[in-house]
Amino acid sequence: MRRCPPATLLDRYAAGALPGPDADLVESHLVGCAACADRLERLGMAQDLLEQLRDAESARAELGSDLAALSSLQQWFTTTLSSVAGRGGPWMEHE
Ligand SMILES: [Zn+2]
């Protein structure tokens with residue numbers, strides 16, 4: 001392959017979504033084309049970055065739901081405490 005493959009082909013190659021024969025063509029082109037090799041390297045880094053971002057995002061989502069659960073628990077606790085304190089249960093008077 002003397003001409004450079006279209007960018008979309010490189011994108012799919014970087015994403016590992018290119019079928020065998022096409023991937024072979026891209027690979028054999030990359031050996032002789034520094035421009036495409038460089039582009040692919042950037043694409044690979046972008047993929048890694050994207051994956052890290054996705055991991056961070058899901059970690060934050062998990063943390064977010066934990067925080068929401070914690071704050072609703074805290075709210076329940078506060079409400080219960082204040083209602084108990086306000087009523088002053090009978091078990092308190094006879095102590
Ligand atoms: Zn090229």
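## Basis of the model

Residues are numbered from 1 along each chain as its sequence is written. The model is predicted: local features need pLDDT of at least 70, side-chain atom pairs count only at pLDDT 80 or more, and totals for chains, interfaces and linings use all residues.

The average pLDDT (the predictor's confidence in each residue, from 0 to 100) is 84 for the protein, and 88% of the residues score at least 70. Among the elements, α2 has the highest mean pLDDT (92), whereas helix α4, residues 90-93, has the lowest (56).

## Overall fold

The protein contains four helices and zero strands, in the order α-α-α-α along the sequence. Helices (H or I, at least four residues) and strands (E, at least two) are DSSP runs, numbered from the N terminus.

Of the 95 residues, 5% are buried; a residue is buried if 20 or more other C-beta atoms, placed from the backbone, lie within 10 Å of its own, exposed if 12 or fewer, and partly exposed in between. Two residues are in contact if their C-beta atoms, placed from the backbone, lie within 7 Å. Of the contacts with a separation of 6 or more, 58% are between residues 24 or more positions apart.

## Helices α1 and α2

The axes of α1 and α2 (lines fitted to C-alpha atoms over the stretch in contact, with angles from 0 to 180 degrees between N-to-C directions) come within 10 Å and cross at roughly 110°. The two helices are therefore roughly perpendicular, a term that covers 65 to 115 degrees. Leu9, Leu10 and Tyr13 of α1 make the contact with Asp22, Ala23 and Val26 of α2.

## Nonpolar core

Leu10, Tyr13, Val26, Leu30 and Cys36 form the largest nonpolar core, a core being a set of buried Ala, Val, Leu, Ile, Met, Phe, Trp, Tyr and Cys residues joined through C-beta atoms within 7 Å. At least two residues of this core come from each of α1 and α2.

## Leu18

Leu18 lies in the loop between α1 (7-14) and α2 (20-32). Leu18 is partly exposed because 19 other C-beta atoms lie within 10 Å. Beyond neighbours within four places in sequence, Leu18 contacts Leu9, Arg12, Tyr13, Ala23 and Val26.

How values were computed
Parallel < 35°, antiparallel > 145°, perpendicular 65-115°, else oblique.
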